[in-house]
Amino acid sequence: MSDPGTTASVKSADTQSGRRFGHGLVIGKFYPFHAGHQALVRAATSSCERVTVEVMAHAVESIDVDTRVAWVAGEHPDARVVAAPDEHEVDFDSPEVWDLHMEVIQSHLDGPVDAVFTSDEYGREMARRLGATWVQVDPGRSSTPISGTAVRADPAANWWALPTPVRRWFTRRVVVLGAESTGSTTLATALGEHYDTAVVPEYGREWTAERPGGFEAPWQSAEFDLVARVQAELEDGAAGRVSRPLLICDTDVLATTLWHERYVGRASDTVVALAHRRPAPSLYLLTGDEIPFVQDGMRDGEHVRQSMQQRFREVLRQVEADRGVPWVEVHGTPEQRLEVAVAAVDEVVAAGWDLAAPLG
């Protein structure tokens with residue numbers, strides 16, 4: 001172990017090389033996890049044989065600690081990442097409060113600490129109490145000018161600083177769906193162009209064109225498991241890549257549950273379960289069935305469109321009641337539908353994320 005009380009300083013993770021320490025410690029709220037945190041953890045992992053990252057969380061905060069642990073662990077699999085719930089007040093001038101925090105911190109360590117990595121000055125006292133070296137990374141955040149406060153205030157303006165899983169969490173998902181030949185793809189495409197953002201295509205249509213036996217062959221439940229899983233993967237992948245926190249989805253797993261009912265004759269336990277596990281979208285847009293039906297060779301027929309549309313309404317009402325997801329049914333010309341849809345999406349975007357301020 002290095003001599004306690006000594007201090008090192010690095011401007012960023014890239015300036016630090018070699019393994020100077022045995023066990024390194026990084027603590028933080030990671031509320032949310034951002035590029036500055038990444039630089040801090042990289043500085044530790046590049047300098048230590050092993051690293052513990054403690055995610056300090058308080059009950060008042062809006063993002064649960066397990067989500068934050070998953071963010072950090074996913075980006076830094078070479079570190080040991082643990083949840084360290086800490087309900088104590090923050091007062092760096094109080095030895096008694098320091099004692100309380102250190103009790104939490106030390107209870108989540110699996111051995112002595114050789115180095116403490118922080119950007120802020122509190123690292124000096126923490127290192128002293130642990131008998132470790134304090135390594136100050138990017139003092140003043142000059143190399144990576146970002147903070148959790150800035151991200152919480154305006155995630156979109158600080159999108160550059162968010163790792164992929166954090167972007168995925170923040171991305172507002174707007175799902176366009178409806179019965180056959182109701183213009184859902186047309187509306188989804190128009191929304192993507194209006195907001196200059198990605199549109200997740202409907203995988204079920206692609207599968208229908210490729211499936212063995214073609215459209216006329218009897219549908220099997222396993223096919224809907226495949227369609228639902230791939231649709232979810234496409235959605236999640238796009239949510240982590242968009243250049244702004246808004247994603248348009250041309251259908252989703254919820255819609256797949258209804259098409260399973262239609263073609264197999266009953267609900268699918270596995271597809272329904274996946275729909276329930278999925279992050280709730282911010283908005284559903286249901287395209288109306290008042291427009292002329294167009295048969296493109298892969299559609300069931302106009303005779304079932306009205307009943308399917310009614311089933312969509314029933315399910316969306318239930319989802320709104322159960323999960324609080326608003327929905328709007330749009331009608332009229334493509335221009336009229338887009339106008340109504342944009343007004344609804346703008347309302348969702350304007351609402352922001354309403355993240356609670358952390359303790360201290």
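## Strand pairing around β3

Two strands count as paired if DSSP finds at least two bridges between them. By that rule β3 and strand β4 (residues 80–85) pair, in the parallel sense, over six bridges. In β4, Val82 is the bridge partner of Glu54. The model discussed here is predicted.

Strand β3 spans residues 48–57. It is mostly covered, with eight of its 10 residues buried. Strand β2 (residues 21–28) also pairs with β3. That pairing is parallel too and runs over seven bridges. Within it, Leu25 stands opposite Thr52 of β3.

## Overall layout

The protein has 13 helices and 11 strands. Its C-alpha atoms fill a box of roughly 80 × 40 × 35 Å along the principal axes. There are 360 residues, and buried residues make up 52% of them. Take the contacts between residues at least 6 apart in sequence: 75% of them join residues at least 24 apart.

The protein is divided into two parts, domain 1 (21–153) and domain 2 (171–351). Their centres, taken over C-alpha atoms, are separated by 41 Å.

## Crossovers between parallel strands

Which helix makes a β-α-β unit with β2 and β3? Helix α1 (residues 35–47) does, and the unit is right-handed. Next comes helix α2 (residues 65–75), which makes a right-handed β-α-β unit with β3 and β4. A further right-handed unit is made by β5, helix α4 (residues 122–130) and β6.

Strand β5 covers residues 115–118. Are its faces covered or open? Both are covered. Ala115 and Phe117 are buried on one side, Val116 and Thr118 on the other.

β5 pairs with β2 in the parallel sense, over two bridges. Here Leu25 stands opposite Val116. Leu25 also stands opposite Thr52 in β3. β5 pairs in parallel with strand β6 (residues 133–137) as well, over four bridges. In β6, the bridge partner of Thr118 is Gln136.

## Helix α4

Which residues of α4 are buried? They are Tyr122, Gly123, Met126, Ala127 and Leu130. These residues lie on the same side of α4 because they cover an arc of only 130 degrees around its axis. An α-helix has 3.6 residues a turn, so residues three or four places apart point the same way.

The buried residues of α4 pack against β2, α3 (95–107), β5 and β6. Gly131 follows α4. Its phi is positive, near 65 degrees.

## The five-stranded sheet

Five strands form an open sheet. Their order is β8-β9-β7-β10-β11, and the pairing is parallel. The edges are β8 (199–200) and β11 (327–330), each of which pairs on one side only. β8 is joined to strand β9 (residues 246–250) by two bridges, and the two run parallel.

## Helix α11

Helix α11 spans residues 269–277. Its buried residues are Val271, Leu274 and Ala275. Why do they lie on the same side of α11? They cover an arc of only 100 degrees around the axis, and therefore share one side of the helix.

These buried residues of α11 pack against α9 (221–239), α10 (253–264) and α12 (305–323). The face turned away from the buried side carries the exposed residues Asp269, His276 and Arg277.

Key. Residues numbered from 1 in each chain as written. Predicted model: local features only at pLDDT ≥ 70, side-chain atom pairs only at ≥ 80, totals over all residues. Heavy atoms only, no water. Buried < 20%, exposed > 50% of the residue type's maximum accessible area, 1.4 Å probe, protein only. Arc of directions from axis to C-beta. Contact = heavy atoms within 4.5 Å. Right-handed = clockwise from strand over helix to strand, strands pointing away. Domains from an automatic or database assignment.
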